[in-house]
Structure formats: structure tokens, C-alpha cells
Amino acid sequence: MTKDMETWEKENGVKFLRKVGLRPGHIVLDFGCRVGHYTIPAAKIVGNNGIVYAVDKEQQALNEMQQKATHLNLKNIRTIKTSGQTTLDFESESIEVVLFYDVLHYHEQKEREKLYVEAYRVLKQDALFSVYPKHILEDDPLQEFRRLSLSDVKREIEASNFVFEHKFCDLISHDDSLNQGCVLNFRKQE
Ligand SMILES: C[S@@+](CC[C@H](N)C(=O)[O-])C[C@H]1O[C@@H](n2cnc3c(N)ncnc32)[C@H](O)[C@@H]1O
């Protein structure tokens with residue numbers, strides 16, 4: 001891991017996710033966590049009374065993350081390997097923060113809508129849904145996502161009953177380096 005990414009996981013990622021709203025004791029679901037550039041800082045914030053469920057379809061990425069977690073003596077990360085399905089295998093209203101960071105571009109509109117419905121189902125009332133929509137029109141466009149602007153993604157998520165709360169832009173982790181990016185926070189509200 002580069003020095004930048006070490007510092008990110010140790011310090012700047014922790015500061016950023018605190019700003020986003022993670023707190024000690026939170027139960028977090030990091031969907032599409034890869035090697036844990038957000039999972040590790042999240043686990044540091046939530047501490048021993050919290051849990052981070054780290055979900056990915058790539059076992060090798062999960063192994064790499066677990067190795068880092070073991071080295072750092074972080075015991076509150078539960079890795080979950082899936083087949084890449086768009087259902088979230090969690091009880092309804094069991095999670096306090098869902099992170100969809102740099103993962104939505106893997107999915108076409110119908111799948112994304114299914115993922116939003118699932119995020120809504122698993123989140124507790126008033127809980128936080130935080131999304132980093134990388135690879136949109138104005139940020140390194142890719143796949144179907146290349147046609148959507150940040151406002152389009154925001155509208156898409158609001159259409160799934162979430163209430164938009166805040167946008168955070170900063171120098172944040174993308175793949176294995178840092179870039180300027182924006183995260184959107186939503187709340188589950190009836
Ligand atoms: C570009 S990486 C982002 C990793 C991490 N969230 C971050 O921002 O550093 C996307 C990850 O999502 C995973 N992924 C994509 N679709 C998935 C799905 N339906 N279920 C589980 N994992 C998925 C990929 O395997 C990959 O590791």
C-alpha cells in the first residue's frame with residue numbers, strides 16, 4: 001500500500017467518515033468494500049461496540065482486507081462474500097449506516113433501483129445512506145453511469161423514498177489512490 005493510502009486508512013479516512021456521520025457503536029454495511037479503504041477507517045470509528053459488515057463478490061479483495069484488519073487488531077469487521085446479487089442478506093431495520101461507495105456504476109438502472117429498495121429495507125428509521133457516485137458524467141464517466149450527472153443520481157435515490165441531507169466533497173480514496181470526489185448523504189424517513 002502507498003504512503004498516501006496508509007495515511008488515508010489511518011487518519012484522513014477516519015476524519016472524512018466522521019464528517020459523513022459515522023459514530024462509535026454504529027452498525028455499518030459497506031457494500032462493495034473491495035480491499036477496505038473505507039471499511040478500515042469505518043471500523044476504527046465504530047469501535048468495539050460497533051460492527052462493519054464488509055460485503056463484496058471478490059474473495060481475494062476480502063482476504064486482503066481481512067489481513068489488514070488482523071494486522072491492526074480490528075475485531076469488529078465481518079467479511080461477507082456474495083455472488084454479486086442485488087439483495088442484501090440482512091434483517092430489515094438492522095443497520096445504522098449503509099455505504100455504497102464507488103459501486104453503483106457496476107449496476108444498470110433496474111439493479112440500482114433494487115439496491116436502493118434493499119438499502120431502505122435494511123436501514124433503521126432515520127438511519128444514514130451514504131453514496132459515492134464515482135464514474136458519473138462529470139467524474140471519469142464509465143458504463144451506464146456515464147450518462148448520469150450527480151443531480152440525476154440524487155434524484156434517482158430520492159425517488160426511492162430517501163431524503164437528501166448533505167453533499168461532502170473532499171480529497172478521498174478511489175481505487176488505490178486519492179482523488180477529489182463527492183459523497184451524497186441521505187436519510188431513511190417516512
Ligand atoms: C471500485 S470498487 C470500490 C471499493 C470501495 N467501496 C472503495 O470505494 O474503495 C467496487 C467493488 O464493488 C464490488 N461489487 C460490485 N458489485 C457488487 C455486488 N453486486 N455485490 C458485491 N460486490 C460488488 C466489486 O467486486 C468491487 O470490489
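With a relative accessible area of 38%, E6 is partly exposed (buried means under 20%, exposed over 50%, and partly exposed in between, with a 1.4 Å probe and protein chains only). The model is a predicted one, in which local features need pLDDT of at least 70 and side-chain atom pairs count only at pLDDT 80 or more, while totals for chains, interfaces and linings use all residues. Residues are numbered from 1 along each chain as its sequence is written, and side-chain values use heavy atoms, with hydrogens and water left out.

The partner of E6 is K3, and the two form a salt bridge with their closest N and O atoms 3.9 Å apart (a side-chain nitrogen of Lys or Arg within 4 Å of a carboxyl oxygen of Asp or Glu). Both residues belong to helix α1 (residues 3–20), where three residues, or about one turn of the helix, separate them. K3 is exposed, at 64% relative accessible area. Helices (H or I, at least four residues) and strands (E, at least two) are DSSP runs, numbered from the N terminus.

Turning to shared partners, salt bridges join R112, E144 and E156 into one network.

In total, the structure holds 14 salt bridges.
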